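This report is an introduction for a reader who is new to the structure shown below. Please keep the sequence and the model at hand while reading.

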Amino acid sequence: MAGNILEMKDISKSFFGVPVLKKVQLTVKKGEVHILLGENGAGKSTLIKILSGAYSREGGTILFDGKELPPMSPGEIIQAGVSVIYQEFNLVPEMSVYENIFLGKEYTKSGVVDHKREIKEAREYMDRVGLDVDPRTLVSSLSVAKKQLVEIAKAISNDVKLLVLDEPTAAITDKETEMLFEIIRELQKQEIGIIYISHRMSELFEIGDVCTVMRDGEYVGTVSIKDTNEDELTEMMVGRKVSFDKIENNCIDMDKVVLSVENLNYKNLVKDVSFELHQGEILGFAGLVGAGRTETAKTLIGYYKKDSGTVRYKGKEIGTDLSKNIEDGIVYLSEDRKDEGLILIHSVAENIALPNLRKLCRPFLNRRQEKETARKYIKDLKIKTYSELAEAKSLSGGNQQKVVIAKWLYSDADVYIFDEPTRGIDVGARDEIYNIMYELIKNKASIIMISSDLVEILKMSDRVAVMGEGRLKAVLENDGSLTQQDILKIELSEGGSAQ
C-alpha cells in the first residue's frame, strides 16, 4: 500500500472551556479504508470537522499528502482534495444532479453556464459510481442511496484524494450497502484514502483495513482489522465489556393487558394487525424495510387516522386524538429524532420541557424548574453536553436520542414505543439506553420496541412480533431458543399471519 495521505497529530479542541479533543492522532494511507470508531460524543465528528475546515483546531498539526495543512476554509479544503459526506447530505434538493455536482464550480461559455458540457461530464462521474439516472433529474426525487452516490460523484469531480463517509449505510438497504462497498473498493484502487465512520460492527470487518478508536475525546489506539475482533473493539470503545445476552425479565405480569390492538387497518400499510402488550413486557417488533412496523405504531397512537380496528388501553377503547393519547400515557419515540423527535435549534432544557408544559406551567412557565429537570436527566442519562442550555443540534446522535428519551421519561408514561432506539448509536450508548428500558419496566411501564437489529431484538424482547407487508406474521416467545434465523425465515416468507 502507498504512503500516508493524512497525518493528524496531537489535535486539541475545546468548547466553552470544556476539552472535547485531547491530543488526538489519526493517520490514513493512500488506498486504505480507515475505520474511525468511538461512542457517540467520543469526538469523531469534531475531529472530522477540524479536518474539513468547519472547526478550527487549538493545537496539533495536520499533514495532507506530505505537506503541512494550514488553517483553511471548507471550500479550500475541498479544493485541496478532502471531501466529507455527512449523514445529512450537502445537496440542494430542487436542483438537478448535474447542477449539484458542479455547484460552485460551474463551466461558463460567453458568460453563461455551459449546461451541455456539465451534463456530459456529470455522466462520466456518475458512471464511475454506478449512478444510472438522467443527470437532469432533480435530487429531491432520488432515494437516500442515490443521493449518496451524487455526493460521491461530486467528490470525485473535485479530484478527491481523501473521502470521509459518516454513517453511510444508516438509511440504506443491504443491497445498496453492497453496491456502496463495491464503489469504495474501486476508489481504493485509485489510491483514494477513505475514512469510514460507522457503528455497525459487521460492516467494519467487511470493508475496513485499519481501525482507530477514540474514547472521551482521546486517542485509544489503532489496530489492523484482520488482527482484531468485535469484543476487543467494543472494549476499546467503552472501556469495559458489553454483554449481548438476554437478561431475564421478572417484571412481566401476564394477567394485566395494558394495550390491546384488534384488527387495526390503515390504507394498505397496516393490514388487520392484532396483538397484546402486558404490564412490564418488552414486545419487540421485527421486520424488513417496508414491513409496516412504524406505520402500525403511528396508527395505534393516533398519528395516522386508522381506517378500522380497535385499540384498548387499560381496557378502555381509545380514539385517534394523538394529544389525548399522549396525555393518558402512551408515547412514541420516533426513529427520526432530528425531524420528529427534537427541535434542533432549541436547547436541551426546552426540548425536555416541550411535551411536559402542564407540569412546568403554574400558570406561567417555571424556567428554574425547567433547568433543574434538564440537569437531572443530563446527569441520570449521562447526556454529554456542556450545559442544559446547549442547542440540541450541538449534541452527537446518541446524546440527541437520550434527550428524546428524557422528555418522555419526565412525562411518566405507561406505554413507551421505541422506534429504532439505537440506530446510529454506538454499543456503549446502546447499553445505557437498554438500562433505561429495564428501569422503566421495573417501574411497571410497558415497552414496544421496533428494531431492525436482530441482535438487539433477541437481547431485549420478551416476545417478538414479526411483520411483513403490513401484516403481523407471527408472535414468538423469546425463551432462549429463538434465533436470528428463525425470525428471518418468517420475515422472508410469503403471506402468513400471527396465531
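## Basis of the description

The model is predicted: local features need pLDDT of at least 70, side-chain atom pairs count only at pLDDT 80 or more, and totals for chains, interfaces and linings use all residues. Residues are numbered from 1 along each chain as its sequence is written, and side-chain values use heavy atoms, with hydrogens and water left out.

Helices (H or I, at least four residues) and strands (E, at least two) are DSSP runs, numbered from the N terminus.

## Helices

Helix α5 spans residues 144-157 and helix α6 spans residues 174-189. Two packed helices are described by the angle between their axes and the distance between the axes. Here the angle is about 10° and the axes of α5 and α6 are 11 Å apart; axes are lines fitted to C-alpha atoms, for helices over the stretch in contact, and angles run from 0 to 180 degrees between N-to-C directions. Helix α5 is therefore roughly parallel to α6, a label for angles under 35 degrees, while those over 145 count as roughly antiparallel, 65 to 115 as roughly perpendicular and the rest as oblique.

On the α5 side, Ala145, Gln148, Leu149, Ile152 and Ile156 meet Glu176, Leu180, Ile183 and Leu187 of α6; contact means heavy atoms within 4.5 Å. By class, this contact of α5 with α6 has 7 nonpolar, 1 polar and 1 charged residues. Ala, Val, Leu, Ile, Met, Phe, Trp, Tyr, Cys and Pro count as nonpolar, Asp, Glu, Lys and Arg as charged, and the others, Gly among them, as polar.

Helix α15 covers residues 397-409, and its 13 residues reach 18 Å from the first C-alpha to the last, close to the 18 Å expected at 1.5 Å a residue. The expected span is 1.5 Å times one less than the number of residues. Because 13 of the 13 residues of α15 are buried, this helix is largely enclosed by the rest of the structure; buried means under 20% relative accessible area, exposed over 50%, and partly exposed in between (1.4 Å probe, protein chains only).

## Strands

Strands of a sheet pair through backbone hydrogen bonds, either parallel or antiparallel. Two strands pair if DSSP finds at least two bridges between them; β13 (residues 253-266) and β16 (residues 308-313) pair over 5 bridges, and threonine 310 in β16 is the bridge partner of glutamate 262.

Strands β1 (residues 4-15) and β2 (residues 18-29) run antiparallel and are joined by 8 bridges. Serine 14 has proline 19 in β2 as its bridge partner. The hairpin of β1 and β2 has 2 residues between the strands, and phenylalanine 16 takes a positive phi near 50° there.

## Selected buried residues

Methionine 126 lies in helix α4 (residues 115-128) and is buried, with a relative accessible area of 2%. Leaving aside neighbours within four places in sequence, the contacts of methionine 126 include Val97, Ile101, Leu131 and Ala153.

Glutamate 151 is placed in helix α5 and counts as buried at 6% relative accessibility. Beyond neighbours within four places in sequence, glutamate 151 is in contact with Ile85, Phe89, Asn90 and Leu91.
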